[in-house]
Number of protein chains: 2
Amino acid sequence: MQEKSPRPYHHGDLKRVVIETAQAMLQEEKGWQFTLREVARRAGVSHAAPYKHFPDKSALLAELATLGFDQLHREVDGTSGRHARASRTEFVAAAKAYIQFGTANPSLYRLMFSADVDKKAFRTLDEAAAGAFAVLTGILERGQDSGALKKQPVRAQAAATWALLHGFTLLAIDGQLLPDKVGAKPIDAVLTSLLEGLAS
Amino acid sequence: MQEKSPRPYHHGDLKRVVIETAQAMLQEEKGWQFTLREVARRAGVSHAAPYKHFPDKSALLAELATLGFDQLHREVDGTSGRHARASRTEFVAAAKAYIQFGTANPSLYRLMFSADVDKKAFRTLDEAAAGAFAVLTGILERGQDSGALKKQPVRAQAAATWALLHGFTLLAIDGQLLPDKVGAKPIDAVLTSLLEGLAS
DNA sequence: ACCTGAACACCGTTCAAGT
DNA sequence: ACCTGAACACCGTTCAAGT
């Protein structure tokens, strides 16, 4: 019995395989050491093959970052109920989901905000980031409607919230929020402080 | 008249020159593309020479990051008066100095929190980061003493403040807080929001 | 003690040539 | 249309050899 075309000359689906291999590598320890040649190696293909699907490394990184923002979008969005009015609990759940995503996928999260991704070519990346940002804005709007949050310019509130979540996530990834430095349960303390700034 | 020993075989002060050259490169556009060989080239020395002063690239990066934290420490500290009690104004000035440092030295700021620096060998880096962190803690303590800030566990307040400043700084560096996305004067809006969370 | 030059094992990227 | 293999210009790092 012959194996199903073990290594056909034309891979057929290489673009997807490259992306999936790269994503798997990002999940690993030291996933931030990202090598195009290693991706090709694992995909069982020559190191020049990916260039038929991505103009350069930056473009692949941009694609991975875009997919990361999409996933972040979905995970934060998934915590929020579909009510027209949002509670503080809902707000906190969304915030925790954001931080959870980042700390669970440190290399990917870093990549999403890395200087190495191709910023010019991929408007898609900006759109994906804006999409994730819009989720925050939406929750804040609905929180204001319910009276749980202070009525303030929503975009400024969203920027402050995003900055706090982003900073907290990165500091956590860097191991710079350890209890001995910052007290126990930093996440709860920080979210409390944030809420007190926004709550009515 | 003879030039003063134009290129002596023994440089004599190479370690400092390497650091200063590296710092100058970090100030440039694309300063984050950091190459040990390019540093050596600019210092007019062979590419192997730096290895007599730094075990590897990580070690140099760690040294640069440490110096960065020292500078950040000084600049934030410089804004705070020497009174035992701190006002909100003082707190805001410190926060703005933090953000100003980061946005004025984007590559250095990124490096200070980069995954590439040698975390194990250099306890100095941790100490420098802790020093900068301590400034925030000090201002918050003195702000609580003056009654300008709510009495809360200081380390948690400091963590929230740090996270917000860190996130804001990085988003600003990434160009992700542009007015069209986030409204005008994001910095003031964010600091206001932060203050409302901490103020009494 | 400090520096050089050649060498090694890696990259990202390109391009003629193969299927 | 898609992939390979060799090639080029770069890295970081090591090490015998020079001063």
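The exercises below go through a predicted model of two protein chains and two DNA strands.

Residues are numbered from 1 along each chain as its sequence is written, while chains are lettered from A and ligands numbered from 1 in the order in which they are written. Because the model is predicted, local features need pLDDT of at least 70 and side-chain atom pairs count only at pLDDT 80 or more, whereas totals for chains, interfaces and linings use all residues.

**Exercise 1. Find out where chain A should be read with care.**

Step 1: pLDDT is the predictor's confidence in each residue, from 0 to 100, and chain A averages 88, with 94% of the residues scoring at least 70.
Step 2: Over residues 1–6 of chain A the pLDDT stays under 50, and for this stretch the model has 0 contacts beyond four places in sequence, two residues being in contact if their C-beta atoms, placed from the backbone, lie within 7 Å.
Step 3: Where pLDDT is low, the predicted coordinates should not be read in detail.

**Exercise 2. Describe the elements and the domains of chain A.**

Step 1: Chain A has 9 helices and 0 strands, where helices (H or I, at least four residues) and strands (E, at least two) are DSSP runs, numbered from the N terminus.
Step 2: Buried residues, those with 20 or more other C-beta atoms, placed from the backbone, within 10 Å of their own, make up 38% of the 200 residues in chain A.
Step 3: An automatic or database domain assignment gives the bounds, and it divides chain A into domain 1 (14–52) and domain 2 (57–198).
Step 4: The C-alpha centres of these two domains of chain A lie 27 Å apart, and their contact takes 8 residues from domain 1 and 8 residues from domain 2.
Step 5: On the domain 1 side of that contact, helix H1 (residues 14–27) of chain A gives the most, with 5 residues.

**Exercise 3. Work out how chain A and chain B are related and how they meet.**

Step 1: The contact between the chains takes 34 residues from chain A and 34 residues from chain B.
Step 2: On the chain A side, helix H6 (123–146), helix H7 (154–173) and helix H9 (186–198) are the elements that give two or more residues, and H7(A) gives the most, with 14 residues.
Step 3: By class, this side of chain A has 23 nonpolar, 7 polar and 4 charged residues (Ala, Val, Leu, Ile, Met, Phe, Trp, Tyr, Cys and Pro count as nonpolar, Asp, Glu, Lys and Arg as charged, and the others, Gly among them, as polar).
Step 4: Of the interface residues of chain A, 97% are also interface residues in chain B, so the copies meet through the same surface.

**Exercise 4. Identify the residues that come nearest to each DNA strand.**

Step 1: A residue is near a strand if its C-beta atom, placed from the backbone, lies within 6 Å of it.
Step 2: Around DNA strand C there are 20 residues, and Ala48(A), Lys57(A), His11(B), Ser46(B) and Ala48(B) come nearest.
Step 3: Around DNA strand D there are 20 residues, the closest being His11(A), Ser46(A), Ala48(A), Ala48(B) and Lys57(B).

How values were computed: Least-squares fit on C-alpha atoms with pLDDT ≥ 70 in both. Buried ≥ 20, exposed ≤ 12 C-beta atoms within 10 Å, placed from the backbone.
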